[in-house]
Amino acid sequence: MRPPSPSIPEKEFVYEALKQSLRLDGRQPLELRSPRLTYGSELGYVECALGKTRVIANVDAKMVKPLPERPFEGLLTIHSEISPMASSEYELGRPSEEEITITRMLDKVLRRSDAIDKESLCILAGQRVWHLRLTLHFLSDAGNMLDCACLAGIVALKHFRRPEVEVIGDEVTVHSPSERAPVPLAIHHTPFCLTFAFFPDETTQPVLDPTLLEQRLSAGLMSVALNAQRELCVVQKMGGVPLVADGVLSVINIAVTKVKELDALVEDSLREDWKGRHVEVR
Amino acid sequence: MDIDLDGDEDFDSGGSKLTCPGEPLTSAQDYMRGHGTYVENEEVIASVAGTIERVNKLVTVRAVRTRYNAEVGDLVVGRITEVQPRRWKVDANSRQDAVLMLSSVNLPGGVQRRKLESDELQMRTFFEEGDLLVAEVQAFFGDGSMSLHTRSLRYGKLRNGQLVVVPPILVCRLKSHFITLPCGVDLILGLNGYIWVSKHVKQSDREGEEGFDAEAVYSNQNDAIDDFTRIAISHVTNIIRALATRFIPLSDTILLKAYEWIVEQGSDVKDLLQEDIGDALVAGITAIG
Amino acid sequence: MSSRIEILNEGGFRSDGRRQYELRDITIDMSQQGTADGSAIITHGLTQVLVSVFGPREAKMRSQTLYDRANINVEVSIASFSTGERRKRSRGDKRILEMAATIKSTFEPVVQTNLYPRSQIDIFVQVLQQDGGLLQACINATMLALASAGISLLDFVSAVTGGVHSTSPMLDLTALEENDIPHVTVAVMPRTGKVTLITMETRLHVDRFEEIFKLACEAGKVIHGEMRAAIRLRTGMLISAMQSVSQNAGEKEDEQMYEY
């Protein structure tokens, strides 16, 4: 069910405020709602909140037989169905256009950007590999679920540790976490996704991390996924209001600086969490 | 008028100027924008591909192929798509389905008859989904969809023939769109590009004795058609098809000429669908003129 | 990823003999397909896409009608014989759905939908052959089909793919090149020089991106020239066909033509 569109005065009010670089929640146009990361007791369980948008990401691993065409690579699958829990807009079983975009973007940002070293997930070539499953639960939608989900996903992958395995000949031994310290995943780089909203009026500045209302009133979104090393992983602007070429490049440059901040923040929070954990090795 | 068209003017024919979407035509201060254009930054810009036309200060661009743009008084041929309370929805090759109100049709039992509740309940006995009809554009609704009427003896359900669909632009505006060819074939050239080709019905038969034959108007039964007429109908439809694929505008004189040419050549009905015969036909009728 | 085939050799040639900035052959066929209101087949090298546009017409589902503008419906299907390896993709494939959504949102701001309230414009995209630059071909073909259907458009849209091989940018990639190097698809509006669509899916440094992005914007204008010429050729042909008869067939028709 699509919620009714905002009324004309509501619309005008938001546009007028944005024209003066004011946002309804008091942020600067290019300010991110600061992400709150809450870790669960298990490794690889993260709840990420951007304002009222909340997504839980959970990673688990099991051993499977690798795909015949890629015997040396582990698998990473992402499960992300948006349930009506997030918002009455979403229906189970019938993916909305937004849901398709989110699913595809998650796939591109987390899987196809080669963030995880898949070859390091190989245990025994052609016989046994790790299959990582990243499950995302969308708890509530207050705008920009995509960025929130990508953040939750990548943090969960960084937080997760898999049990150590030992291979002697054809024998595979899995050591339980109480025996040997579990090992973190080999991660090549850490991509973060940032979404900008553009408005019909050309003079209005683009807005980073749009809220639900801003998103609905926007005339086009552009998502940029990149890492702190200034490498773009995904740039996606699917139609919407046309932009001048320089505008696109300036948005990307903004994203470059924002990602550096975000990267530092995530690293800090992970370090903080790790300090509080006791991993016993006997 | 200084309409600037840069480069490739080779395709210009007969002095008509071509344009493409997004091409600036002229200044908006000196000219008014018409259909197929819009104004941005004080410039009139084309929004469709077609020919530029100018009437005094009004600049329009007419697209070559487009859906039918109705005008009040146009004769159209349509097909019922839906029966709704007190109205029929009619597909008339337009942007939206046209509406035929129960109050805009003649019902059996006299022209002046009042519509009763019982008529509303038996609307399907007059027109059913899939029925073809000829009607006139009566008016437009606020959203641009058109309202039709069949309140004339010449309008109503179509029988005894077949439908051909051509691009609407190919149907010229004529004095009369009811054409009778000497080969015993009646043609209704709907301005929406739907053309009805049928057996000739005598004027007196159509109107009936009392001016209105109720049974005949909404009848679903075809009359007996002899083989000669059947062949003639097929001939005419294939002529229309052949002309339409070569983008030749249809009018009574051209169709007549084409039919004469075919008879002269003595070619079979199905021959017309062959590429070379169709080309020869076009060459033939353009040469006669 | 390293490939066995050299993407760009020392002489500056690509695997199919093109130079870095050379586009593949473009052929455009705008002849009518069936009962479609507008249709076009575009071929970029070995990639071929057929688009048929129906409408604006009455929406099939009443729930889809919008009271103030037309609803655009895009359906993409990829022929199972379009790739070397025969493969059937279901309609629910996320990649196909995403492509349809991309085409839809690219053309929604371009089509003057407010002129066609309560109607629906159906765009059926059929991929016949694919060899890289699929989205580019789909967008270009849709543009041509919409223009031939006489639908009001605010501007032209032309799309092109670009890629970067180590540090050298290249245009209009084949499937072979797409598999190996980062690539970007950009759709531009040539009149204003604005960009409506950008997609990139592989890792690329920001500076490299800037380079290829600017190059692609330029290349879009070249493709626009080709497409514009094709539309003009087609319109010119139809109009001269219409005039050929009316001019010869006596004054009577002539008058009527002008009136119309």
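User: How many residues of chain C are in contact with chain B?

Analyst: This is a predicted model. Contact here requires C-beta atoms within 7 Å. Chain B brings 40 residues to this contact, and the count for chain C is 45.

User: Which helices of chain B each supply at least two residues of the side that touches chain C?

Analyst: Strand E6 (50–55) of chain B passes that mark, but E6 is a strand. The touching side of chain B holds 16 nonpolar, 15 polar and nine charged residues. The helices of chain B that each supply at least two residues are H6 (252–265) and H7 (275–288).

User: Turn to chains A and C. How many residues of the side of chain A that touches chain C are nonpolar?

Analyst: The contact takes 28 residues from chain A and 29 from chain C. On the side of chain A, six are polar and seven are charged. The nonpolar count is 15.

User: Which residue of chain C stands opposite Val244(A)?

Analyst: E15(A) pairs with strand E9 (residues 194–200) of chain C. The sense is antiparallel, over two bridges. Within E9(C), the residue opposite Val244(A) is Lys194(C).

User: How many residues of E3(C) are buried?

Analyst: Strand E3 of chain C spans residues 47–58. E3(C) pairs antiparallel with E2(C) over seven bridges, and nine bridges join E3(C) to E5(C), also antiparallel. E3(C) is mostly covered, and the buried count is 12 of 12.

User: Which residue in the turn between E2(C) and E3(C) has a positive phi?

Analyst: E2(C) and E3(C) form a hairpin with two residues between them. In that turn, a phi of about 60° belongs to Gly45(C).

Notes:
Residues numbered from 1 in each chain as written. Chains lettered and ligands numbered in written order. Predicted model: local features only at pLDDT ≥ 70, side-chain atom pairs only at ≥ 80, totals over all residues. Contact = placed C-beta atoms within 7 Å. Nonpolar A, V, L, I, M, F, W, Y, C, P; charged D, E, K, R; others polar. Pairing = 2+ DSSP bridges. Helix = DSSP H or I, 4+ residues; strand = E, 2+ residues; numbered from the N terminus. Buried ≥ 20, exposed ≤ 12 C-beta atoms within 10 Å, placed from the backbone.
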